[in-house]
Amino acid sequence: MLQNPLQVRLEKFEPWQQITFMACLCERMYPNYAMFCENTEFAEARIYRDILDSIWEQLTVKTAKVNFERQLEKLEEIIPSSEDFDFYGVYPAIDACIGLSSLLHGLLDREGLFESMQEVSQQSVMTVAQLEEAQTGIEITNDNQKENEAVCEEWDVQWAIFRPLREAVGRDIELIKDLRFELREEAVSNIGVSI
């Protein structure tokens, strides 16, 4: 597990902040899954997109009713297996699914929201670290992570999502919409895949 001071700070978040933080990280992992689907025709990336959109909707629309158990079932049907594919893209795609799965589990069991948030944060960093390891052959650890530009950038982005959420007073629907819009417009993943 790669550590960062951010992880301790996240603990003070309200549930809506925790869910928004996770949704933002899943939004950043989505292009990895979309690219995998485009290259393999394994599943429709739209299904992942729809599940994530239902979470954004729950965050911003008071009357939104979402069956998260059903969403989790839909997600489980579209998770690829690394044994079935012989190219690297399957790993970031699996990571994106694990991230979204952690978020859904957190929504189903609110007691576990903080743990889910740590998992999604870690998942996103590990996707970056594993790609760097695959490219350089150097294992990324707590001690050397600061020397890796891509891993540092990933933590920086997580901090950049964290800060406005921390400063919000009460559940800020506009902020949630802005974060979502920004990440969607950018449409670049944590490992630089763009759609």
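Residues are numbered from 1 along each chain as its sequence is written, and side-chain values use heavy atoms, with hydrogens and water left out. Because the model is predicted, local features need pLDDT of at least 70 and side-chain atom pairs count only at pLDDT 80 or more, whereas totals for chains, interfaces and linings use all residues.

Helix α2 (residues 15-40) and helix α6 (residues 113-136) cross at roughly 25°, and their axes come within 10 Å. That angle makes α2 roughly parallel to α6 (under 35 degrees; over 145 counts as roughly antiparallel). Helices here are DSSP runs of H or I with at least four residues, numbered from the N terminus; axes are lines fitted to C-alpha atoms over the stretch in contact, and angles run from 0 to 180 degrees between N-to-C directions. The crossing of α2 and α6 is left-handed, that is, the near helix is turned anticlockwise from the far one by less than a right angle. In contact (heavy atoms within 4.5 Å) are residues of α2 including F21, M22, L25 and R28, which meet residues of α6 including L113, F114, M117 and V120. The residues of this contact comprise eleven nonpolar, six polar and one charged (Ala, Val, Leu, Ile, Met, Phe, Trp, Tyr, Cys and Pro are nonpolar; Asp, Glu, Lys and Arg are charged; the others, Gly among them, are polar).

Helix α2 also packs on helix α5 (residues 90-108), at an angle of about 150° and with the axes 8 Å apart. The two helices are therefore roughly antiparallel to each other. The contact of α2 with α5 has 15 nonpolar, two polar and one charged residues. The crossing of α2 and α5 is left-handed.

The largest pocket holds about 210 Å³ of space. A pocket is an open set of points on a 1 Å grid over the protein atoms alone, where a 1.4 Å probe fits, with protein on both sides within 12 Å along at least five of seven lines; lining residues have an atom within 4 Å of a point. The volume is the space filled by probe spheres set on the points, which are joined across faces, edges and corners. Helices α7 (149-167) and α8 (173-186) each supply at least two lining residues of the largest pocket, and R28 is among the residues of its lining. This lining divides into seven nonpolar, one polar and three charged residues.

The second largest pocket contains about 150 Å³, and its lining includes Q3, N4, P5 and W155.

Terms used: Angles under 35 degrees count as roughly parallel, over 145 as roughly antiparallel, 65 to 115 as roughly perpendicular and the rest as oblique.
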